[in-house]
Amino acid sequence: LESAPSIGGESSCSYGNAGTMARYANIPVNSPAVFRKLPGLLFDEEAPLSMVSLFGNVGMFWKMMPWAGLFAWNCRRSAVEHTAQSLGALLSHAETGWEPAFRQAGIDIDGTLNDGTKTQPWKVRNGYLLLQRTPQDMQSSQYSANLRQQHIQNLKMVALTSDEVLELEPTLDPERCQGGAWYFPDAWSITDPGALLKALADGFERGGGTVRTDSRVVDIQSLQPPWGDETAVRVSAW
C-alpha cells in the first residue's frame with residue numbers, strides 16, 4: 001500500500017530514505033539525561049524542542065503541554081529501559097525478518113541490483129559511527145551503550161578514540177569527535193531504497209497481491225480462522 005501516486009517515486013515514503021539496517025537503534029529520544037536538560041530544550045529558542053515561539057499563542061502553548069508532560073514522563077529510567085528492551089527484541093530479528101519478503105520478491109540482497117540503467121550492489125556494509133563531541137558525551141553515552149549490548153542479540157559495538165575515528169574518516173572535522181565514537185562494523189545500508197520498494201511491490205503482485213496507490217489506510221484487522229493467520233488492510237481514496 002502506498003499513498004503516493006507511484007511506488008518508489010519522489011512522492012513515495014521511501015524517497016530520500018537512508019536505507020540503513022539500524023539494528024543498533026533501540027535507544028529512544030527520551031532519556032534521564034534529556035529530562036535533566038528538558039527546561040533548556042523547551043525554553044531556549046534555538047533548541048530543537050523549543051516552545052518559545054508558542055508563548056504568544058496561549059491556546060497553542062497549552063495544547064502542547066500534554067505532549068511535553070508525556071515526553072518528560074517517558075524520560076524515566078524505567079520507561080526508557082522498557083522501550084529499549086522492546087525495540088531490542090524487534091531489532092534482534094530485523095534482518096532475518098526481511099528474508100521471507102526478499103525471497104518472495106526474488107531479491108538476492110547480497111547480490112547485484114540491475115534495473116537496466118545501472119548495476120550496483122543491493123547493499124553496502126560500511127559500518128556506522130555515533131560520534132561523541134566531548135569526552136563527557138562519551139562518558140554519558142555509556143548508559144545507552146549498555147542498553148544496546150543488553151537488549152540486542154549479537155550486536156557488534158566498539159568504542160573508538162578520536163584518533164581511531166579519524167583513521168576511518170580522515171576528512172571528518174576533529175571537533176566533531178573529540179570524545180571518540182561508538183562504531184558498529186556490521187551496519188549496512190541499501191544503495192537504492194526506491195528500487196528495493198519497487199522490487200518488493202513487483203514480487204507482491206507476482207504472488208497474487210494487489211498494490212493500491214493514492215490511497216490511505218482506514219483500518220487494519222487481523223483475520224481469525226477459518227481465514228487463517230492473515231492481516232487485512234482496508235483502504236479508501238484520499
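I take a crossing as left-handed if the near helix is turned anticlockwise from the far one by less than a right angle, and as right-handed if clockwise. Helices (H or I, at least four residues) and strands (E, at least two) are DSSP runs, numbered from the N terminus.

**Ground rules.** I am working on a predicted model, where local features need pLDDT of at least 70 and side-chain atom pairs count only at pLDDT 80 or more, while totals for chains, interfaces and linings use all residues. Residues are numbered from 1 along each chain as its sequence is written, and side-chain values use heavy atoms, with hydrogens and water left out.

**Helices 3 and 6.** I looked up how helix 3 (residues 77–91) packs on helix 6 (residues 142–151): the angle is about 40° and the axes are 9 Å apart. Axes are lines fitted to C-alpha atoms, for helices over the stretch in contact, and angles run from 0 to 180 degrees between N-to-C directions. The two helices are therefore oblique to each other (under 35 degrees is roughly parallel, over 145 roughly antiparallel, 65 to 115 roughly perpendicular, the rest oblique). Helix 3 passes helix 6 in a right-handed crossing. In the contact (heavy atoms within 4.5 Å), helix 3 supplies Arg77, Val80, Glu81, Ala84, Gln85, Gly88 and Ala89, and helix 6 supplies Tyr143, Leu147 and His151.

**Helices 4 and 8.** I then turned to helix 4 (residues 94–105) and helix 8 (residues 193–206), which pack at about 70° with axes 8 Å apart. That angle makes helix 4 roughly perpendicular to helix 8. Here the crossing is left-handed. Trp98, Ala101, Phe102, Gln104 and Ala105 of helix 4 meet Leu196, Ala199, Leu200, Gly203, Phe204 and Arg206 of helix 8.

I found 3 strands in an open sheet, in the order 4-6-5, with antiparallel pairing; two strands pair if DSSP finds at least two bridges between them. Strand 4 (128–132) and strand 5 (158–160) are the edges, each with a single partner strand, so one side of each has no neighbour in the sheet. On average, neighbouring strands are turned by 25° against each other, direction ignored. Strand 5 is joined to strand 6 (residues 180–184) by 3 bridges. Leu160 stands opposite Ala181 in strand 6.

**Aromatic pairs.** My search of the whole structure gave 4 aromatic pairs. Rings of Phe, Tyr and Trp (its six-membered ring) pair if their centres lie within 6.5 Å; planes under 30 degrees apart count as stacked, over 60 as edge-to-face and the rest as tilted. The rings of Tyr24 and Tyr128 have centres 4.6 Å apart and planes at 25°, so this pair is stacked. It links distant parts of the chain, 104 residues apart: Tyr24 lies in the segment before helix 1 (32–43), and Tyr128 in strand 4.
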